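Subject: Structure for you to look at

Hello,

Here is the structure I said I would pass on. My notes on what was found in it follow below.

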Amino acid sequence: MKARVWFLAIVVVGIAMSVGPLRAGAGAPQLTGEAVRIDSDDIGGVVTSAKGPEAGVWVIAETTDLPTKFVKIVVTDDRGRYVVPDLPKANYMVWVRGYGLVDSTKVQATPGKIVNLTAAVAPNSRAAAEYYPAGYWFSLIRVPDKSEFPGTGPSGNGISRNMKSQAEWLRNLKSGGCWACHQLGNKATREIPKNLGAFDSTALAWERRIQSGQAGGNMISGLNQLGRERALAVFADWTDRIAAGELPPAPPRPEGLERNVVITQWDWADPKAYLHDEVSTDRRNPKINANGLIYGSLELSADYLPVLDPVRHTRSQVKLTVRDPKTPPAAEPAMPQPSPYWGDEIIWTSKNNVHNPMFDEKGRVWITSAVRPPANPDFCKEGSSHPSAKLFPIARSERHLAVYDPKTKQLTHISTCFGTHHLMFAEDANNTLWTSGGGQVVGWLNTKMFDETHDEVKSQGWTALIIDTNGNGKRDAYVEPNQPLDPTKDKRFGGAFYAVAPAPDGSVWGSVLGFPGAVVRLNPGTNPPETALAEVYEPPFNNPKAPVQGFSPRGMDIDRNGVVWAALASGHLASFDRRKCRGPLNGPTATGQHCPEGWTLYPEPLPQIKGVSDPGSAEGSYYTWVDQFDTFGLGTNIPINTGNASEGLLVLKDGKWIVLRIPYPLGFYTKWLDGRIDDPNGGWKGRGLWATVSTRAPFHMETGKGTTSKVMHFQLRPDPLAK
C-alpha cells in the first residue's frame, strides 16, 4: 500500500511539474498533487528534490511591492506539501530553505497559483551547515576547563581573578555579556570579515573586532571581565577550528506542531537603529488593541517609537521628546576603533533611551524613557517628606517614564525618582505600573491617581528590598547587605530587579542578575513602602540538596498560578514554585538557597558547549514570557523562551520543546515577545505571538548592512495545509 501511494505521489507531482504552475479561478479552490487546496490569496504546492518529497523544510515568500518589505514562511508537511496562506496581492519571490539543503532557485509567483518547487540538496555538509542556527556553531567554542578556576590573572592562566568558576565565566560570556546584546555563532561573528583588515593572528583580529564602533568600550570591558588574554585565545581557537572545517551537529528538521507554524514578518525602524522590545496589547487583557498598531522601543539608538500597521502593511514613527533639553545622549559617542560597517559614523544618538513599552487598559502606550538629566529633584532626596524618600532617598535616576496616547497623539513625561528598565501593570484597582531598573529599589506609579490628579510626585513610590530575617512577619529596622545578621533586625537585599512581573495574588516578582542570581518576591503589604517585605530565592547552584544545578536568571515572568519562569545562563528554562518550599520562608535561614525543592530546570534544545560537562545547553535565552491567556493556541500558562541562540522562540508544552525557528533572514534574535487575541472566534487566524528583531547589530544578519529590524507574527494552524 505504501509503495502504491509513493508511486501515485511521484506521478502526480511529475504531471504538475510538466504542465507548469496552474492558475486558480477567482476565489475558486485549486487542487494539485497530493490534494493541496488553495484560495485566491494563497500559494501552495509540493516541494521535491532528487531524494523525493521534502518534509519539514521552509517555503519562503517575499515581496517588496507593499509599503514595507513583507515575508511569509511556512513548513512542508510529511509529504512535502505546503500552503502559504492569506497573502496580500503582490508579486512574490518564493523559494525553499531547509536543513540538508541549500537555497533553491527563487521562483516568481502571485497568490492563487500552484507553485511546485524543486529543493536543492546540499552538495556537502559544510554547505548544509551554513543554515544552522547560531547556537549550533557557538556550541563549538571550547571554554576554559573547570580545573583552571579560579582565574589567576594576566601573569597566570589569563583568566580574570574575579572568575571563581567555569559557570561564572559562562554567565559573563552569555547572559551577562556578549549574548545580552547580540549573537555569537552567526556568520558575521564566527568568521573574521575581510573588511576588518589583515592581521598576523586570529587573536589580533578578534582584539580589533571587539574595539569596533560605539559599543567598543563596553566590549573591551566585557573582555577584561573574562580575562583578556584567555578570552581572545578562546575566540581565536573557535574561529580557527571552524575555518579549518570543524562543523557542529546537524539540527533536526521541524516536526509535529512545529510544521503548523505560519510566520509573517514586516520591516520597520531603520538600518542604523536597533530594537529592544515591541508591544501589541495589554498583558492583562490580550484582546485590547485587536488588529491594531504594534509599537517598538529603540533603546540607545534613536528617539522615536517605530510603529507597524500589520493590516495595511505600513510603518510610521512616533517622535519622542524630553522635558529638559539638557538631557544627555545615552550612548557614548566615542569609539576605540571604527566600525567595519559604519566607519566613524555615530549611529546611536538617543536621549530618551526607551527600553520597554506596555499597553494599558485604555490603549495607551507606556514606556521607560529618560525625560531629564540624571540628577534627581529635591523631593527624591534626603530631607524630603515623600514617604518613600524618608525611608530610602535617591540622588539619581537615568531613565524615567512617559505615556503616549494614540487617540490624542499626546506624549506625557513623568519624572520618577527611581530608574526604570522593564515595566508591567498589576491587576489592581489602581492599575499600578511596576518597574525594574531602580538599582537598590523597586518603583511604581499609581496610574489611576496620576490620571485623576496629574501629580507625578504623589503618584509614585519605591521601596528597598527588605528581607524578614528576624522572622517576626513585619518590616523592621535592618542591617545593610554587607553587614552580618542581627537577630533583632531585618536585612536589606543589595540586588536590583531586572525583570518585573506582578502576580495575580498581589505580590510582585523580579529577577536579579549576577551569579548565581535570584528571583525575588516582593509583598507590598497594606501600606507600601512601610509594609513591603521581600523573599529571595537563588537558583540551586553548588547546593547538595538540588538534583540539577543552574545559575543566573535574566528575563522572567509568572503564570496565573504564581509560578515563576526564568531563562538561565546555564542553558535552562527554570520554574520556581514557592508552594513547594518545605522550610520557613522568613527568618535567619531564608536568605537564598533555602528552597531548592521549589526549582525545576529544563535544558534548552541545543547542544552543550565543548568542555562543559554540566547539564544545560549552549542556549543563552534573554527573556521568558508566559502565555497566560492562550494567545497562541497551545493553552494557558505556557512558558516561552526567546531562544536567542536557536534563532526562534522556544515553547515548553507538557515538558517538551516546540522550536519556532525563524529561518530567514538568518540571525533572528529577540529580547521580548507578547501575544494578542485579535478575534476570539477566529480560530488560529485570530491569535498569535508578536516579537521583533532586537539585536544591537542587525547588520550581522544574513542580509548584511542595510538590514532593519523586523516584526514577527507567529501563528499556529491546526495542520500544515490549513488556510
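In helix 6 (residues 202–210), the buried residues are Thr-202, Ala-205, Trp-206, Arg-208, Arg-209 and Ile-210. Buried here means under 20% relative accessible area, exposed means over 50%, and partly exposed is in between (1.4 Å probe, protein chains only). Helices (H or I, at least four residues) and strands (E, at least two) are DSSP runs, numbered from the N terminus. Helix 5 (187–190), helix 7 (216–226) and helix 8 are what the buried residues of helix 6 pack against. Packing is judged by contact, which means heavy atoms within 4.5 Å.

Before going on: this is a predicted model, in which local features need pLDDT of at least 70 and side-chain atom pairs count only at pLDDT 80 or more, while totals for chains, interfaces and linings use all residues. Residues are numbered from 1 along each chain as its sequence is written, and side-chain values use heavy atoms, with hydrogens and water left out.

Gln-211 lies in the loop between helix 6 and helix 7. With 17% relative accessibility, Gln-211 counts as buried. Not counting residues up to four places away in sequence, Gln-211 touches Gly-216, Ile-220, Pro-336 and Gln-337.

Helix 4 and helix 3

Helix 4 (residues 166–173) has 8 of its 8 residues buried, so it is largely enclosed by the rest of the structure. Those buried residues are Gln-166, Ala-167, Glu-168, Trp-169, Leu-170, Arg-171, Asn-172 and Leu-173. Their cover includes helix 3, helix 7 and helix 8.

Phe-138 belongs to helix 3 (residues 134–138). Its relative accessible area is 0%, so Phe-138 is buried. Apart from neighbours within four places in sequence, Phe-138 is in contact with Leu-173, Lys-174, Trp-179, Leu-184, Gly-185, Trp-238, Ile-609 and Ala-618. From Phe-138 to His-713 there are 575 residues in sequence and 27 Å in space, C-alpha to C-alpha.

Salt bridges

A salt bridge is a side-chain nitrogen of Lys or Arg within 4 Å of a carboxyl oxygen of Asp or Glu. By this rule there are 40 salt bridges.

Glu-54 pairs with Arg-253 in a salt bridge, and their closest N and O atoms are 2.7 Å apart. This pair links distant parts of the chain, 199 residues apart: Glu-54 is in the loop between strand 4 (52–53) and strand 5 (58–63), and Arg-253 is in the loop between helix 8 (228–243) and strand 14 (261–267). Glu-54 is buried, at a relative accessible area of 6%, whereas Arg-253 is partly exposed, at 22%.

Glu-452 forms a salt bridge with Lys-448, with 3.0 Å between the closest N and O atoms. Both residues lie in helix 10 (residues 447–453), 4 residues apart, or about one turn of the helix. An α-helix has 3.6 residues a turn, so residues three or four places apart point the same way. Glu-452 is exposed, with 56% relative accessible area, and Lys-448 is partly exposed, with 37%.

A salt bridge also joins the side chains of Glu-647 and Arg-661 (3.0 Å, N to O). Glu-647 is in the loop between strand 39 (638–641) and strand 40 (648–653) and Arg-661 is in strand 41 (residues 656–661), so the pair ties together parts that are 14 residues apart in sequence. Glu-647 is buried at 2% relative accessibility, and Arg-661 is buried at 5%.

The network of salt bridges links Arg-126, Glu-130, Lys-187, Arg-190 and Glu-191.

The chain as a whole

The protein chain has 10 helices and 44 strands. Its radius of gyration is 26 Å, close to the 27 Å that the globule rule gives for 723 residues, so the chain is as compact as a globular protein of that length. That radius is taken over C-alpha atoms, and the globule rule is 2.2 Å times the number of residues to the power 0.38. The C-alpha trace spans about 85 × 65 × 55 Å along its principal axes.

Of the 723 residues, 62% are buried. Among contacts with a separation of 6 or more, 61% are between residues 24 or more positions apart.

Regards
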